[in-house]
Amino acid sequence: MSRPSLRHAAPRWPSTADVQARRAAGWEPLPFRSFVLKVHSRCDLACDYCYMYRSHDQTWRNQPRTMTPATLDRTSERIAEHLFAHGVERAGVVLHGGEPLLLDDHMLARTVDVLRSAVGNTARLHFTLQTNGVRLSRERLDLLSGLDVRIGVSTDGGRVAHDRHRRGADGRGSHSRVEAALELLGSSAYRHLFGMLLCTVDLRNDPVRTYEALLLHRPPAVDFCLPLGNWRTPPPGLHPGARGTPYADWLWAVFQRWYEAASKETSVRLLDDLLALLLGSRPRTEALGLSPVRYAVVETDGSLALDDALRTAYEGASHTGLDIWRHAFDVLLEHPGVAARQWGTSGLCETCRTCPVHRICGGGHYATRYRHDTGFANPSVYCADLAELIVRVRGRLHADLTDVVRRPMSTEVI
Ligand code: SF4
């Protein structure tokens, strides 16, 4: 198995000794309950913001295109072993890439069947497939329906917004093909498979028009991703230290449109999580808050990896040196890059620990914290935007709840 160059990867995580000290002090890692399987390491689009192919980390080039049957079998055994050992009764499997629909029908079906049969009655596996939508034909939807796999599709809104980034290597935009796929996915025959739309924020797009373009597909859920960037390579339109919070302004406009709708049109995961956290509940994702990270990534060669988004930090950032041939998932749980993301407040940098909104914010996505000299021990490069969005949404919630409390209770509802 080829190893990425770690020339630029000075220790960025807590040390193994730190992890061992916490273990000795009583910290217990929580088992994984979601597994991201890289079933194909290449893509049929060449999106210009892709963290996989356009990052500092180019180790995808060393990966085989697909998992061999032997790698898939061993991965399935490892997953079953982990779920059984920890008594996890429900777990998610994300069929990911690259582009997972580059896998042929036989391999796609085999992947799902092998995993389900390896786990047997130990746990219920819920499959999702995250696709760029280009190959989502009626035939593929029939296959995925038979396999009971839900589908998430990446799209950035209307044609101009989408085709600005989501193009093929020939420069051709993918909007028309994705729109046709979403029409099929939203039809009565396949709607039960519709998971969500994933949209990357671009400040050049009008936020409300972008949200409304997504709504045209009647998605059950939408998620907005902030473009990846860090202190070394700031995201587009963000100038750390400058005044202004352009990403908070963008998301705040979406929030108002979404929150003030006469009836709920869709779930927006980032905003649902923000409201849940502000009301003292648990978020459903790890984008905000301090919930422990509980997913593992398996590359096509069977390597155990960290979050793909870390590739934007430095070459080798997602590399662990572990693989399904030699290591159980329990070993990955103790890798500092996983363990540190289960430590809640004590895993944050000093600035975040003392921040008044840190329980809501969670310090921002790990990849966005990276700085060349101090690694990940920093607030997110989105710090000002995250704080501003939280304060605005909290203010709105507070005003509405105060209004509810002051309003006389109608006798009709008693
Ligand atoms: S708002 Fe900034 S300082 Fe506060 S927790 Fe988030 S990233 Fe850290």
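**Strands, burial and core**

Mentor: Start with a pair. Val 36 stands opposite Val 297 in β8. This is a predicted model: local features need pLDDT of at least 70, side-chain atom pairs count only at pLDDT 80 or more, and totals for chains, interfaces and linings use all residues. Residues are numbered from 1 along each chain as its sequence is written.

Trainee: What makes β1 and β8 a pair of strands?
Mentor: Two strands pair if DSSP finds at least two bridges between them. Strand β1 (residues 34-38) and strand β8 (residues 295-298) have 4 bridges, in the parallel sense. So they pair.

Trainee: Which strands does β9 join through bridges, and in which sense?
Mentor: β9 is joined to β8 by 2 bridges, antiparallel. Strand β9 (residues 303-305) is joined to β10 by 3 bridges, also antiparallel. Leu 304 sits in both pairings: its bridge partner in β10 is Leu 322, and Val 298 has Leu 304 as its bridge partner in β9. The hairpin of β8 and β9 has 4 residues between the strands, and Gly 302 there takes a positive phi near 90°.

Trainee: Why are β7 and β10 called edge strands?
Mentor: The 10 strands form an open sheet of mixed pairing, in the order β7-β6-β5-β4-β3-β2-β1-β8-β9-β10. β7 (267-268) and β10 (319-323) each pair on one side only.

Trainee: How many helices and strands does the chain have, and what counts as one?
Mentor: The chain has 14 helices and 10 strands. Helices (H or I, at least four residues) and strands (E, at least two) are DSSP runs, numbered from the N terminus.

Trainee: Why is the chain called as compact as a globular protein of its length?
Mentor: The globule rule is 2.2 Å times the number of residues to the power 0.38, and the radius of gyration is taken over C-alpha atoms. For 414 residues the rule gives 22 Å; the chain has 21 Å, which is close, so the label holds.

Trainee: Why is Gly 98 called buried?
Mentor: A residue is buried if 20 or more other C-beta atoms lie within 10 Å of its own, exposed if 12 or fewer, and partly exposed in between; C-beta atoms are placed from the backbone. Gly 98 has 24 within 10 Å, so it is buried. Gly 98 lies in the loop between β2 (90-96) and α3 (105-119).

Trainee: Which residues does Gly 98 touch, beyond those up to four places away in sequence?
Mentor: Contact means C-beta atoms, placed from the backbone, within 7 Å. Gly 98 touches Lys 38, His 40, Ser 41, Arg 42, Cys 43 and Met 52.

Trainee: What makes a nonpolar core?
Mentor: A set of buried Ala, Val, Leu, Ile, Met, Phe, Trp, Tyr and Cys residues joined through C-beta atoms within 7 Å. The largest has 99 residues; Phe 35, Phe 224, Tyr 247, Leu 251 and Ala 296 touch the most other members. Helix α8 (residues 246-259) gives the most to this core, with 7 residues.

Trainee: How do you know that the span of α14 agrees with expectation?
Mentor: The expected span is 1.5 Å times one less than the number of residues. For the 24 residues of α14 (residues 383-406) that gives 34 Å; the end C-alpha atoms are 34 Å apart, so the span agrees. Its buried residues pack against α8, α9 (269-278) and α13 (358-361).

Note on methods. Two residues are in contact if their C-beta atoms, placed from the backbone, lie within 7 Å.
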